[in-house]
Amino acid sequence: MFESKRLHISALFFRLFKILKESLWLFLSAFFVYFNIDGYEQYIFIAIGVFVIISLLYSWLSWWRFTYMVNTDGLLIEKGIFIRQKRSIAKQRIQSINFNQNILHRLLGLTELQIETAGRDMKVDAKLTSLSMTDAQAIRKLLKQFQVNDEDGNSYDYDFALERKLPKYEASYKHLFLFGSTSGGLGVLMSILFIFGLGVEEFIPEQIIDFVSSWLTAQSIITLIILSTFVLLLFWLAGVIGSVIKYGDFTVVRYEDEILITRGLWEKKQLTFPLKRIQGVVVKQNLLRLPLRFATIYLEIAGGEADQKESMRTILFPLIKKKEIAIFLAEILPEYTYMPEQVARISRRYLYLNIGLASLLTLVVGLVVWYLLSLPYLLLLVFLIPSFLYIILEYQVSGCYLNGQQLTLQSWGWLSKETILLKRPRIQAMSAYAGLIQRRLGYANIKASILNNFLGRHYLVRGIKLPEIERVQDWYSYAKKE
Amino acid sequence: MREAPEKRIEQSAIKVWRLHGLIYLCFFIVVTGIIAYFTYAHNWSKWILISSSIVTIIIAILAIAIPAFRWRRWRYQLFEQEIYIQHGMLIIERTLVPMVRVQHVDTKQGPILKKFRLASLEISTAATTHQIPALSEEEAEQLRDQISILARVEQDDV
């Protein structure tokens, strides 16, 4: 029964595509040379041809030399063209088995299988890039640590979870649309395109640039405004489409001690998170979602993919009404509770001191600027109003709340309100700190550190009253006072 | 806020830190010297020399004054279930590290610390690293062993 197998032949092409994709810049620069320098055409074509053939050969060899075997102890992988590498992953150490399917996988009934272990060593994890769905499910069943005693033994299957009417939430397309339009991705996208635009200019023939710029200057202001609105609309649409493709068909299911997430239209991902990997829950509302009373829920996960992006957090649910969060958590993650109305406000003196400091700073800088550059005095307001707004918002939002084994921290992150739910056993260390003036005024700052992926993440709330700080410290302290 | 931890680090830490400061200072003195040469030999503006001298003097004062101040603030205390550390100068930070969260403990000793028969202790959790800078060699080793025994209690995952 336990025999070593090769991946599906498509793995070869996935590898080849990846190599070609990564060397795209090489081709681009080759073409650049081709268009600009005469007499080398044939060499460039030969070079590209040779490169593609070598890549194909390499992909084929690495496919041929990659075998995997599942037995009762775990997974054994052998790979490497010249230097043979054997890796065995013990069943006990496997924490998550995830399925990823891109469009080709799905057309051919295949999947990528990704195995994540508990260790902090990311090299232990494994990826089987392409194998048939039935094989993948068989592997998942074999490697599953806790064989749940179900009659069909198919306990881990996702459809099974749906059949059993387990707690389940789906993101509607209406909400995904709203998620896409309110995500800060719009700005990022614009700056990327801007930088890209700067780079591309070099490749576009000069006549076209001249033509476009002369055409633009010939237009009336109204046409230009319409044009730029159109471009903005295009960016916004791209953001919406991007997030719908990425998070489309978003479903989250709770099954025993695991959270199962499926998402993606183009690349379908099936992710599993055992409870013990969850280090915290973050409810985040950015500036656009705050007035609309919508929030995004994130998970802080220990371990995981080493090349993970998205500011290293995992989306538990893309967009949810604020008043529905408590019910959502009660169903999906009852270990955590969301009670923002209970959060104790920070010290009012913190607000006064900061407003005072901001005014003083603006006054000094303003006076210097006014004296040196003779700029109008009213310009000060440009700095003063946003800083006041920021300070007041921070005061309105910040605070903390203890409830059983859970610490709720609320603070103003990078242009968004964050409510962080942390469990006492998941907080790795806790600090309180204050300057002399702050201590005199009766408040201090608190910092709780948790593990996120492979690094620490530190959550900070400023201006908490001293008695409150002491309560949190006593709650956290393992050496209880008698 | 909680009461400060009880134990202080070795007093010779002040000397060690001053020595560090002096080494740092040497770099500034050399730079100032080079600037002085260029000022007289190549007619550089006097202001460069004046500002660099002021910076050097300020650093010299700080290198002498800060270590004592810093030492006074540095405290730690070991409980059976946790380590309690205080440090900082203007801003004082007090940190609690539960034993169950400690992943490993190291002692470290550079040439200067060795000369003063001191060692520093480094306590790592999954998310953070904490340092107690200047303990006597025996104290550091004893603490390291003690913590690694206390930290051996059953760890919940991560």
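Residues are numbered from 1 along each chain as its sequence is written, while chains are lettered from A and ligands numbered from 1 in the order in which they are written. Because the model is predicted, local features need pLDDT of at least 70 and side-chain atom pairs count only at pLDDT 80 or more, whereas totals for chains, interfaces and linings use all residues; side-chain values use heavy atoms, with hydrogens and water left out.

The secondary structure of chain A comes to 16 helices and 21 strands, where helices (H or I, at least four residues) and strands (E, at least two) are DSSP runs numbered from the N terminus. Of the 482 residues of chain A, 43% count as buried, a term that stands for under 20% relative accessible area, with exposed meaning over 50% and partly exposed the range in between (1.4 Å probe, protein chains only). Among the contacts of chain A between residues at least 6 apart in sequence, 58% join residues at least 24 apart, a contact being defined by heavy atoms within 4.5 Å.

According to an unreviewed UniProt entry, the feature "transmembrane region" is found in chain A at residues 12–37, 43–61, 176–200, 220–245, 350–371 and 377–393; UniProt positions are given in the numbering used here, feature names are shortened, and annotations may be inferred rather than shown by experiment. In the model, residues 220–245 of chain A are 96% helix and 0% strand, with end C-alpha atoms 37 Å apart, and residues 350–371 of chain A are 100% helix and 0% strand, with end C-alpha atoms 31 Å apart.

Elsewhere in chain A, strand E12 (residues 278–286) is mostly covered, since eight of its nine residues are buried. E12(A) is joined by six bridges to strand E13 (residues 294–301) of chain A, and the two run antiparallel; two strands count as paired if DSSP finds at least two bridges between them. A:Val281 stands opposite A:Leu299 in E13(A) and opposite A:Leu421 in E18(A). The loop between helix H11 (289–292) and E13 of chain A holds A:Arg293, a residue other than glycine whose phi is positive, near 60°. Most residues other than glycine have a negative phi. A:Arg293 counts as exposed, at 54% relative accessibility.

In chain B, helix H1 (residues 13–41) has 29 residues and reaches 42 Å from its first C-alpha to its last, close to the 42 Å expected at 1.5 Å a residue, the expected span being 1.5 Å times one less than the number of residues. The buried residues of H1(B) include B:Trp17, B:Leu25, B:Thr32 and B:Ile35, and what covers the buried residues of this helix includes helix H2 (46–73), helix H3 (111–115), E6 and E7 of chain B. B:Thr32, with a relative accessible area of 14%, is buried, and B:Thr32 touches B:Leu49, B:Ser52, B:Ser53 and B:Thr56, not counting residues up to four places away in sequence. Although B:Thr32 and B:Thr56 are 24 residues apart in sequence, their C-alpha atoms are 7.7 Å apart in space. H1(B) is followed by B:Asn43, which has a positive phi near 60°.

An unreviewed UniProt entry places the feature "domain: YdbS-like PH" at residues 71–147 of chain B; this span is 25% helix and 55% strand, and its end C-alpha atoms lie 23 Å apart. Chain B also has an open sheet of three strands in the order E5-E6-E7, with antiparallel pairing. Strand E5 (102–108) and strand E7 (129–136) of chain B stand at the edges, each with a single partner strand, so one side of each is left without a neighbour in the sheet. Strand E6 (residues 118–125) of chain B is joined to E7(B) by six bridges, and B:Ile123 has B:His130 as its bridge partner in E7(B). B:Arg117 lies in the loop between H3 and E6 of chain B, with a positive phi near 55°.

Between the two chains, 36 residues of chain A are in contact with 25 residues of chain B. The area buried between chain A and chain B is about 2600 Å², of which carbon and sulfur atoms give 52%; buried area is the accessible area (1.4 Å probe) that two parts lose on being put together, summed over both. A:Gln428, A:Gln473 and A:Tyr478 supply 23% of the area that chain A buries against chain B, more than any other three residues.
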